[in-house]
Amino acid sequence: DEAHCPAPNQSAREMLSATICVLGLAGSASAAFVGSSGVGRAQQRHGDISIVMSEALIKLGTRGSPLALAQAYETKRRLAAAFPELVPDEAVQIQVIKTTGDMVLDKALKELGGKGLFTKELDVQLLNGDVDICVHSMKDVPTWLVPGTILPCNLEREDTRDAWISPNCESPFDLPAGSVVGTASLRRQAQLLARNPGIKCVNFRGNVQTRLKKLGENVVDGTLLANAGLRRMGMEEHITRVLEFDEMLPAVAQGAIGIQCREGDERVMKYLDALNHPATKIAVDCERAFLAALDGNCRTPIAGQASLVNGELVFQGLIAKCDGTEIYRVSRAGKAEDAVKIGQAAGAELKAKIGNVSDFFGDEEIAPEPVSSMSGKTTDGLGGYSS
């Protein structure tokens, strides 16, 4: 829904406020904010009058960043295109749920715990029945799902590559020694340092708009973002260069949107079955099986990509030390129906090479984030900062 895609200079809060304003004027309840305790139906109050909007057929839970909202509205659009009863704006209600990962931006992901930072609050709302589905960036979803939930649907995948953004240099591999790259990803750090060990990587958290604002203050020489997210928000003009797989292998499930629901919810499954993109689901299942075999998460430098090539599933993956001094790669190919087995076998192969996984990764972390105009400010819970 282009009306809700943020312009590059919009803050998350401005975009969300505008969304609610427009929806309120239209007399619909397609967006409502919920916190960790949950909120029922959207309401409008005027004086002593309380107007409760008509009950939605589908309540969709999402994080509140501009990218998360763009993905939620894309899901809403696809549902309306596939089912006549979901065409009315109020039929699918979008509920924003604040997550730990979006609320705490001054610490590295590894320091916060790694698993479920962007999903656990959504899990609670789903299990409580406050929402019917949750829309996720698949690379944020732990390989272990909360019991009672399933993830049966992936929308067609976007470009999975990483994008380099810098006002100073065409490629991160050409940066002079002493240059600083902002990234919260140990996967990106390891692959960068393997090819350009003279640079320094520092923590760089926040939604896309927040990170671009920090970059504009020249606190770092460049940063890396998923090309998929930039494309979904129409922000390709910020890209300096898109990196190929042999330069920067993407994260497991990068570029894929996943939709989670309660196990046994046949009414909702009818809707999700129509939206699932089989080729994407096969690739993502393979990659996540690889990650699970290595007990990987955002605290570990692991990359993996699978795709169907002439009917054959082709996979490549890697595991690295945080400082890039050691990288092990693996490649596999086989039948699409063996996607999970292929991923598991690739993970097992690398695990046999490195021995003890914890010892291999060690305790190294990304250096602290440099000071910017946002340092010390209160976060808005949407991957950005309060004005």
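Guide: Val208, Gln209, Thr210, Arg211, Leu212, Lys214 and Leu215 are the buried residues of α7. That's seven out of nine, so to speak, for a helix running over residues 208–216 and counted as mostly covered. Keep in mind that this is a predicted model. What sits over those buried residues? The cover includes α2 (66–82) and α8 (227–232), along with the strands β8 (162–165) and β11 (222–226).

Now have a look at the two ends. At the start of α7, Asn207 brings a side-chain oxygen to within 3.2 Å of the backbone nitrogen of Gln209, and Gln209 is itself on the buried list. Just after the helix, Asn218 adopts a positive phi, about 60°.

For another kind of helix packing, move along to α10 (residues 278–293) and α11 (residues 339–354). Their axes lie 7 Å apart, at an angle of about 30°. Since angles under 35 degrees count as roughly parallel, α10 is described as roughly parallel to α11. The crossing of α10 past α11 is right-handed.

Who touches whom? On the α10 side you'll find Ile282, Asp285, Cys286, Ala289, Phe290 and Ala293; across from them, α11 contributes residues including Ala339, Val340, Ile342, Gly343, Ala346, Gly347 and Leu350. Asp285 in α10 and Lys351 in α11 both belong to the contact.

Note on methods: Residues are numbered from 1 along each chain as its sequence is written. This is a predicted model: local features need pLDDT of at least 70, side-chain atom pairs count only at pLDDT 80 or more; totals for chains, interfaces and linings use all residues. Side-chain values use heavy atoms; hydrogens and water are left out. Buried means under 20% relative accessible area, exposed over 50%, partly exposed in between (1.4 Å probe, protein chains only). Helices (H or I, at least four residues) and strands (E, at least two) are DSSP runs, numbered from the N terminus. Contact means heavy atoms within 4.5 Å. A polar contact is a pair of N or O atoms within 3.5 Å; within protein, one must be able to donate a hydrogen and the other to accept it, and residues adjacent in sequence count only if both atoms are side-chain atoms. Axes are lines fitted to C-alpha atoms, for helices over the stretch in contact, and angles run from 0 to 180 degrees between N-to-C directions. Angles under 35 degrees count as roughly parallel, over 145 as roughly antiparallel, 65 to 115 as roughly perpendicular and the rest as oblique. A crossing is left-handed if the near helix is turned anticlockwise from the far one by less than a right angle, and right-handed if clockwise.
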